[in-house]
Each structure stands twice: as structure tokens, then as C-alpha cells.
Amino acid sequence: MTNNDILKKLRVALMLRDDQIVEILELVDFRISKSELGAFFRAEDHENYMECGDQVLRNFLNGLVIHLRGTKENPKNPNDVLAKHKAEIPKKENTKDRPEFKAAPKDSERARGDQKPSKTGAAKKPFKKNNTKTAPKVQVVEKVIYKNGKNKNS
């Protein structure tokens with residue numbers, strides 16, 4: 001995993017925008033422009049891709065600690081900071097609120113609940129061991145006494 005991958009994953013997990021990352025880096029007196037930062041998030045085969053050095057990632061992590069926890073003199077609650085980030089994300093106006101995803105049942109008639117499912121697509125019932133209606137178990141092999149060539153009398 002490269003430093004670029006770590007930076008990308010932290011940006012997504014913490015819901016950070018580029019300008020917020022620039023502010024976090026400024027907390028530790030590390031100046032970087034948005035365009036330089038954007039080069040870290042590009043695909044590796046892109047012409048403007050730039051590898052994130054150890055110094056950039058180290059300063060970002062140190063700034064992130066200050067951003068989330070605060071300083072000794074002015075401590076913060078990290079959950080409050082993350083909740084603030086989540087609240088700042090604008091919702092798209094043109095999209096409808098989607099209901100929670102529910103997987104469709106295997107048999108469409110089963111979802112209605114008012115009728116029994118059809119026999120054609122119905123799944124087989126699992127085998128029950130203690131089924132009393134089944135026929136008694138028939139012994140296939142007779143019981144045989146093996147002497148292995150030895151005589152009991154001798």
C-alpha cells in the first residue's frame with residue numbers, strides 16, 4: 001500500500017474535502033496547494049500523478065491528530081468533529097430519498113404473504129432427521145461375524 005493509497009482512504013473514511021486537508025496540513029505549518037494535493041489522488045497512469053512522500057503523509061497525520069483531538073490547552077471530542085464533517089456534506093437536491101435496500105425473495109409469491117408459494121419455483125424443504133412418518137430404516141448389510149481365521153476353541 002502506497003502513501004497515496006493511505007491518503008485516499010483517510011480522505012474517504014473521514015469525509016474530508018481538499019480544502020479541509022489543506023487546512024489540516026496548515027495546522028502543522030505545512031503549506032500545500034489544492035492542485036498539488038489533487039495530484040496525489042489521481043490515477044497512477046495519469047500524466048499529472050505525483051507520489052505522496054513520507055513527509056507529506058507524516059505532516060498530514062500529525063495535523064489530523066490536532067484537528068480531531070485538539071491541543072492540550074483546547075481539547076476536542078473527535079466524534080463531534082466527525083459529526084460536523086458529515087453535516088457539512090451537501091445533499092443533492094434533485095435526488096429522491098431512497099428507501100433502504102431489501103433483497104427480493106427467491107419466490108415472488110412468497111413476498112405477498114397471503115398465498116402459498118407456487119410449486120414450480122418453490123425451494124425444497126430441508127431434510128428432517130426426526131421425521132416420524134418415514135419408513136423404518138431397512139438394514140442393507142447383514143450382520144456377519146468375522147473370525148479372521150482363528151478358532152475359538154483352540
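I began with a term: a residue is called partly exposed when its relative accessible area lies between the buried range, under 20%, and the exposed range, over 50%. I kept in mind throughout that the model is a predicted one.

**Entry on R17 and D19.** I looked up R17 and found a relative accessible area of 39%, so this residue counts as partly exposed. I then turned to the side chain of R17, which meets that of D19 in a salt bridge, with 3.3 Å from N to O. For D19 I noted a relative accessibility of 25%, and therefore D19 is also put down as partly exposed.

**Entry on D18 and R11.** Which residue forms a salt bridge with D18? I found R11 as the partner, and the closest N and O atoms of the pair are 3.5 Å apart. I wrote down 25% as the relative accessible area of D18, which makes this residue partly exposed, and I read 25% for R11 as well, so R11 is likewise partly exposed. The count of salt bridges comes to two.

**Entry on the whole chain.** I looked next at the protein chain, where I found five helices and zero strands, so that the order of elements from the N terminus reads α-α-α-α-α. I noted that the chain has 154 residues, of which 19% count as buried. For its accessible surface I recorded about 14,100 Å², with 51% of this belonging to carbon and sulfur atoms.

**Entry on contacts.** Among contacts in the protein chain with a separation of 6 or more, I found that 53% come from residues 24 or more positions apart.

Definitions and conventions. Residues numbered from 1 in each chain as written. Predicted model: local features only at pLDDT ≥ 70, side-chain atom pairs only at ≥ 80, totals over all residues. Heavy atoms only, no water. Salt bridge = Lys/Arg side-chain N within 4 Å of Asp/Glu carboxyl O. Buried < 20%, exposed > 50% of the residue type's maximum accessible area, 1.4 Å probe, protein only. Helix = DSSP H or I, 4+ residues; strand = E, 2+ residues; numbered from the N terminus. Contact = heavy atoms within 4.5 Å. Areas by Shrake-Rupley, 256 points an atom, 1.4 Å probe, with all protein chains shown as cover.
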